[in-house]
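Welcome! Please take a moment to look over the model below, and then we can walk through a few of its features together.

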Amino acid sequence: MDANEIRSAYLSLMAERGHTVIPRAPLVPKDDPTTLFTGSGMQPLLKYLLGAEHPSGKRLADSQTCLRSQDIEEVGDNRHTTFFEMLGNWSLGDYFKSEQIPLFWHFLTEVVGLDPNRIYVTVFSGDPANGIPRDDESADIWTELFTKAGVSADRVVLLTEEHGNEVGNQGARIAYYSDKNWWSRSGGPDTMPVGDPGGPDSEVFYYFPQVEHDTAFGKYPHQNSDGGQYMEIGNSVFMQYAKTVEGFAELPKLNVDYGGGLERIAAASIDSPDVYRISLLWPIVQKIEELSGVGYDDNTVAMRVIADHIRGAVFLAVDGVVPSNKEQGYVMRRLVRRAIRFAHQLGVQDNLLTQLVPVVADLYTEAYPEVAERRETVIAVLEKEERSFRRTLGKGLRELKRLGKTGETVTGKDLFKLSDTFGFPVELSAEEAVTRGMPMTVNWRAEFDGEIEAQRARSQASTKLGATVD
Ligand code: ATP
Ligand code: MG
């Protein structure tokens, strides 16, 4: 199954099982000034999970477009993208563990057709100090499903990632972890404020035996290791408890919040540990290969960055964001300019966006009609951003080279100049400096922010002066 087929199969299955399929929320959250982007399927539905009645009922499902600018540093690895889709289903006081876990299992093994032997899971180990029991209920459901499929279902108690790294999962199908398998809005059971809901979650991983475990991330592999063999493909949160002054009490209304990455499930379905090989990303990579005349295998990180960033920027433009110097617009600018910088390195000197944006748009036209509707605007917005950055890119790079030659420590003031004169997002200049091995002041970020502040004060003063002269 390709990624588009997986998305529609998931939504059809959920509809068959009595869920209302709701449209995705835009990437810029409505009425929520606390966060720049929609970063999960749960985020737009939080108030319903906290008790408000949803107009579409108690069973909901969607595919939510997400943007996690906090994952920008992770882009380049084989499984993180800043933009991705999260398949989600919710029970608002309706079904619970005994329906959710078999439903997800059915989707993975019967609908997508994943090999049950390659599926590994985690459950909550319990918190004796807070009187919260171990989630054996979920573990027992998993055991039954694995056993029926003829797969061994051994259990291991690992508690933390660190301990897991020391001892490994020893092949155990079901691993118990503590805080890693606890969901609340504010961390583990100890740090949650009284009144807040929380609960155990159960994560599902796909195992890639063809990947060699990277011991830089710990001696032995286990579900929650970053060593590369296990990729998290979905997570079911069971909102089961509320913290009270007397401790944890079972909630009168139990909710399920499930979210699973479409790209990762699609990667599992083609047995690829690299998400960029899926049908929603590979055509973008191929176009980059064509434009640059070089191959993915030798330029993996650069091509991943370009593909991811442009895809994210396209969806931001579809949702009405334009590149600017603040908030969502700034993140969009960072994505576009960083992609252009990487493309420049691969020898693509011009028209990256004109040529790449239509490829991205084509991939999403069927699933998201708004992509087709806004196609021309999106191309225009992104082309304009490329034109403006291309004008100064070469000069900025020469300035960086010059700075490097002086051997002097790069300061926030230098970075400010690169940003103000050449339009280099500060994070991009810092990244350049690091790759070029240039020494930087410890406080470059604070120094840079200080320069921005000073510039703002200067422009305010001149506006005031202008007002009195008029
Ligand atoms: P990871 O530990 O791999 O970063 P996460 O714990 O941040 O994942 P969740 O917040 O539980 O992930 O999100 C639910 C699902 O969304 C994950 O199981 C994964 O399949 C997917 N997902 C999360 N972050 C990304 C990302 N940056 N790119 C692609 N898929 C992602
Ligand atoms: Mg993450």
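Angles under 35 degrees count as roughly parallel, over 145 as roughly antiparallel, 65 to 115 as roughly perpendicular and the rest as oblique. This is a predicted model, where local features need pLDDT of at least 70, side-chain atom pairs count only at pLDDT 80 or more, and totals for chains, interfaces and linings use all residues. Residues are numbered from 1 along each chain, ligands are numbered from 1 in written order, and side-chain values use heavy atoms, without hydrogens and water.

**Two helix pairs**

Helix α7 (residues 282–292) and helix α10 (residues 352–364) cross at roughly 160°, their axes coming within 9 Å; α7 and α10 are therefore roughly antiparallel.

**Around ligand 1**

Ligand 1 has 14 residues around it (a heavy atom within 4 Å), and R68, D71, H80, T81 and E232 come nearest.

| Residue | Atom of the residue | Atom of ligand 1 | Distance |
|---|---|---|---|
| D71 | side-chain N or O | nitrogen | 2.8 Å |
| T81 | polar backbone atom | nitrogen | 2.9 Å |
| G234 | backbone N or O | oxygen | 3.4 Å |

Conventions: Axes fitted to C-alpha atoms, helices over the stretch in contact; angles between N-to-C directions. Helix = DSSP H or I, 4+ residues; strand = E, 2+ residues; numbered from the N terminus. Polar contact = N/O pair within 3.5 Å; in protein donor to acceptor, adjacent residues only side chain to side chain.
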